[in-house]
Amino acid sequence: APPSLDSLSTVLNQRMLLMKEVATWKAEHHLPVEDLPREQAVLKEAREKAAAAGLAPQSVDPFMHALMNAGKAIQYRYLADWQSSPDGAHHAVDLAVLRQQIIALDSQLLQALHQRLQAGAFADEDIMWLSAQLNVPNLSAEDKKAVLASLRLIRLGT
Ligand SMILES: C=C(O[C@@H]1C=C(C(=O)O)C=C[C@H]1O)C(=O)O
């Protein structure tokens, strides 16, 4: 792997894999996928963690939006699949627990990004390598591209 991209790809996959669990909870509790107040809270937390990790806080906004858009799209695809054949045996994990895990992963993501950017800007090979590593069920090629493109907008803090 190119330097310091390993943990970035691992944590990105972990965050997107959790979307199946989130969708399971929402299906059981008849909750909508999109929760805009929650997205605001996630974004605010990400800016604070970005600043603490040594990144320019606003520069992570497009990345966080792309991640949350990908996360919602993954959930919608699960819910569409379960419409005709419910995932009956699966026991839902509490949404509050899942959200704590998501916030913890975001913190790790921002730290990994800081480490990576200290070694230099993302090169085309880095993006290609990451693209091959991101393999989560129900993640579309377009959503993956948007997440990867937004990575290049992240800047070190001053
Ligand atoms: C993951 C969730 O679903 C959606 C995606 C979010 C995210 O990726 O952080 C946040 C809020 C929701 O719009 C959630 O509700 O926690």
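## Buried side of H6

Asp143, Val147 and Leu151 are buried in H6 (buried: 20 or more other C-beta atoms within 10 Å of the residue's own; exposed: 12 or fewer; partly exposed in between; C-beta atoms placed from the backbone). Because these residues cover an arc of only 85° around the axis, they lie on the same side of H6; the arc is that of the directions from the helix axis to the C-beta atoms. Helices are DSSP runs (H or I, at least four residues), numbered from the N terminus.

The buried residues of H6 pack against H3, contact being C-beta atoms, placed from the backbone, within 7 Å. Ala141 and Glu142 are exposed, on the face of H6 turned away from its buried side.

## Basis of the model

The model is predicted: local features need pLDDT of at least 70, side-chain atom pairs count only at pLDDT 80 or more, and totals for chains, interfaces and linings use all residues. Residue numbers start from 1 along each chain as its sequence is written.

Leaving aside residues up to four places away in sequence, Leu110 touches Ala46, Lys49, Ala50, Ala53, Leu55 and Val60.

## Ligand shell

Around the ligand there are 13 residues, and Asp35, Arg38, Val42, Met68 and Gly71 come nearest (near: C-beta atom, placed from the backbone, within 6 Å). H2, H3 and H4 each give two or more residues to this shell; the largest share, four residues, is from H3.

Note on methods:
Contact = placed C-beta atoms within 7 Å.
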